[in-house]
Amino acid sequence: MSEVLKSGGQEEPENKQGNGPGPETAPNPATDLAMMRRALEEAARAAELGEVPVGAVVARGEEILAVAHNERETTKDPTAHAELLALRRAARKVGTWRLTDCTLYATLEPCPMCAGALHAARVGRLVYAAPDPKGGAAGTLYDLPADVRLNHTYPYTAGVLQPESAALLRAFFKRRRNKQQNPPDPPYERA
C-alpha cells in the first residue's frame with residue numbers, strides 16, 4: 001500500500017481556522033482499510049448498475065454517516081458523483097454543512113468539482129484509493145486539498161486499497177469497450 005499524506009505542502013496540517021484534523025479525522029490505518037472496503041463495496045454496486053464504479057463513505061471516526069456511489073447514468077445528473085452524494089447525505093444526517101470532524105473515503109481520486117465540494121464542506125480529511133490521471137484534483141493534476149491560497153486545506157492519504165480499486169475500474173471499462181465493439185444483435189422481427 002503506497003500512501004501519501006499531504007496537507008498544505010507541510011508535514012503537519014496547517015490549522016489557521018481551527019478546522020484541521022481532530023481525533024475523529026486523525027489517520028488510523030485499520031479504520032482507513034475498513035472504510036475503504038465499504039467504499040469498494042459501494043463501487044461494485046455502481047458497476048452492477050452500469051455506473052462508473054466509484055464509491056464514497058463519509059465517516060466520523062468509526063461511525064459511517066453516509067455511503068454513496070456514482071449515479072450519473074441513473075439520474076442523468078452530471079453532478080451525481082459518489083463524493084457529492086455522500087457529502088450531501090452526511091450533511092443532512094448531522095444537520096450542518098460543516099463536516100470538519102469527518103473523513104471522506106473515495107475509491108478514486110476526486111475530480112476538481114468533488115475536491116471543491118470537500119473544501120466547501122470543510123471536510124477534516126480525505127482518503128482515496130486510486131489516482132485519476134485524467135481528472136484527479138487531490139495530487140495528480142491539481143492539488144486542491146493542499147492549496148494554501150484557499151481558506152481551508154485538508155490532509156489526504158492516497159493509495160489505500162489502490163490495487164483493488166484500480167482492478168474494479170479496469171474490469172468495468174474493459175466490459176464497456178467489449179460491449180461497444182460487439183453490440184448485441186438486434187431483436188428478431190417477425191413479419
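Two strands are taken as paired if DSSP finds at least two bridges between them; strands (E, at least two residues) and helices (H or I, at least four residues) are DSSP runs, numbered from the N terminus. The structure is a predicted model, in which local features need pLDDT of at least 70 and side-chain atom pairs count only at pLDDT 80 or more, while totals for chains, interfaces and linings use all residues. Residues are numbered from 1 along each chain as its sequence is written, and side-chain values use heavy atoms, with hydrogens and water left out.

Strand 5 (residues 125-130) runs parallel to strand 6 (residues 156-158), the two being joined by three bridges; Leu126 stands opposite Tyr156 in strand 6. Strand 5 is also parallel to strand 4 (residues 103-108), through five bridges, with Thr103 opposite Arg125. Six of the six residues of strand 5 are buried (under 20% relative accessible area, 1.4 Å probe, protein chains only).

Thr107 lies in strand 4 and is buried, with a relative accessible area of 1%. Beyond its neighbours within four places in sequence, its contacts (heavy atoms within 4.5 Å) include Met36, Pro53, Ala129, Ala130 and Ser165.

Strand 4, helix 4 (residues 112-120) and strand 5 form a right-handed β-α-β unit, meaning that, with the strands pointing away from the viewer, the path from the first strand over the helix to the second runs clockwise. Helix 4 packs against helix 3 (residues 82-94) at an angle of about 20 degrees, with the axes 9 Å apart (lines fitted to C-alpha atoms over the stretch in contact, angles running from 0 to 180 degrees between N-to-C directions). The two helices are therefore roughly parallel (under 35 degrees).

Terms used. Buried < 20%, exposed > 50% of the residue type's maximum accessible area, 1.4 Å probe, protein only. Parallel < 35°, antiparallel > 145°, perpendicular 65-115°, else oblique.
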